[in-house]
Every structure is written in structure tokens, then in C-alpha cells.
Amino acid sequence: MIKSLAVYCGARNGNDEKYLKKAYELGEWLAAHQIDLVYGGGQFGIMGAVANGVLDKGGTVHGIITETLASRGAAYSKIQDLKIVPDMDQRKEKMMAMANGMLALPGGIGTLEEISQAASWITIGENPKPVAFYNQDGFYSPLERVLAHMCHEGFLEKTYFDSMYFSDDFNQILQFMEHYKAPKYRTYEK
């Protein structure tokens, strides 16, 4: 059962208002489904929009932000639970521990790094939780093709490729997560 969702997303708005709009709608959707938001604790960009969507509908938000980002004024003091941690490694670890699943909204290199770690940890057995990409207007389609290419070339087993989900429908993503079974972790033979 998905009770909390780690959402990785941009701290910038993007070039189109549609990204903020969908992030806000995800926040509303999370609150309506009584799913807590676990996110990077920021008040700006897509991060702020998804948090506002949850808060405006009476949902619960857990933010985890680094000391450096908090000292730069990025922290969102309006959320109910804000944890400040020393560095990004601890932030990512805490977010994964607090959530029942991980979802990437549109974002930049930081978003990609965080969701990639969650996905890669499936292969070594360190992450038994589902990983999904909100593929708004095909935003993550190029990444899906790269991962398929890795699979085709023998660097990513099909079972791990299939363990990641790409969709532009929040309800389908929830269905995937609710029925997710982690694949067996990778083993090595001599």
C-alpha cells in the first residue's frame, strides 16, 4: 500500500507553465488519495508547486533539505515536517527510507541523479520499492529509449528495465506501485 511517495522534481519552473500546473495537480491528487509527499523540502519551482498542491488540499508534506540549500533560503517553512540534513547523500537516503515509492516529475540533472540512484539500487537489492517517471508530454521518453538501448546492448537486464514505469497518468502510476514486486537482485557468477 502506498502511504507516502518520494517525488523528485525541479527546483526551477521550467519554460512552460504546464509543468507547474501538473506538479500542483499531483499534489492535490496525493492529498485526495491520502498519500504523504516526501520531497526535497524546497519552496521554489516544481518542488514548491507539488508541496502547495498537497498543502492546499489538507495533505501532509515531509521535506528533507540539506544544510547548504537551507542556508541559501530554499527551505519551505510552510510544510509540516522539515528535516535539515548535512548532505545530499543523507537527503536521498532519508527520502527513500520514508517513502513507499519514488516518482520523478520533470526536472534537471539533480532530479535525474536522484531517480537514477533509486532505480539502480533495485539491481543490487538495496531498493525494493517501485520507481516511476511521470512522462508529461513525453518528457522522459528519450530516457526510456536510452534505457531500452542499454537493455538491448546487454548492460541492463530486461527485468530491471521492466521494473521502471513510465506514464503520464497518476492513477496508472499508483496501480503500478500498488502491485509492484521487486525483481530479484543481480547476482554474479565466475
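How many residues apart in helix 4 are Asp89 and Lys92? Asp89 and Lys92 are three residues apart in helix 4, which separates them by about one helical turn.

## Basis of the model

This is a predicted model, in which local features need pLDDT of at least 70 and side-chain atom pairs count only at pLDDT 80 or more, while totals for chains, interfaces and linings use all residues. Residues are numbered from 1 along each chain as its sequence is written, and side-chain values use heavy atoms, with hydrogens and water left out.

## Helix 4

Helix 4 covers residues 88-98; helices (H or I, at least four residues) and strands (E, at least two) are DSSP runs, numbered from the N terminus. Arg91, Lys92, Met95 and Met96 of this helix are buried. They lie on the same side of helix 4 because they cover an arc of only 125° around the axis, the arc being that of the directions from the helix axis to the C-beta atoms. Buried means under 20% relative accessible area, exposed over 50%, and partly exposed in between (1.4 Å probe, protein chains only).

The exposed residues Asp89, Glu93 and Ala97 are carried by the face of helix 4 turned away from its buried side. At the N-terminal end, Asp87 caps the helix, with a side-chain oxygen 3.2 Å from the backbone nitrogen of Asp89.

## Salt bridges

Eight salt bridges are found in a search of the whole structure; a salt bridge is a side-chain nitrogen of Lys or Arg within 4 Å of a carboxyl oxygen of Asp or Glu. One of them joins Asp89 and Lys92, whose closest N and O atoms are 3.8 Å apart. Asp89 is exposed at 54% relative accessibility, whereas Lys92 is buried at 5%. Lys92 also forms a salt bridge with Glu113, at 2.4 Å from N to O. Lys92 lies in helix 4 and Glu113 in helix 5 (residues 109-124), so this pair ties together parts that are 21 residues apart in sequence. Glu113 is partly exposed, at 36% relative accessibility.

Salt bridges that share partners also join Lys21, Lys22 and Glu25 into one network. Within it, the closest N and O atoms of Glu25 and Lys22 are 3.0 Å apart. Both residues belong to helix 1 (residues 17-32), where they are three residues apart, about one turn of the helix. Glu25 is partly exposed, with a relative accessible area of 23%, and Lys22 is partly exposed with 28%.

## Surroundings of His62

His62 is in strand 3 (residues 61-66) and is buried, with a relative accessible area of 15%. Its side chain has a polar contact of 3.1 Å with that of Asp36 and one of 2.7 Å with that of Asp81. A polar contact is a pair of N or O atoms within 3.5 Å; within protein, one must be able to donate a hydrogen and the other to accept it, and residues adjacent in sequence count only if both atoms are side-chain atoms.

Not counting residues up to four places away in sequence, His62 touches Asp36, Leu37, Val38, Tyr39, Ile79, Asp81 and Met98. Contact here means heavy atoms within 4.5 Å.
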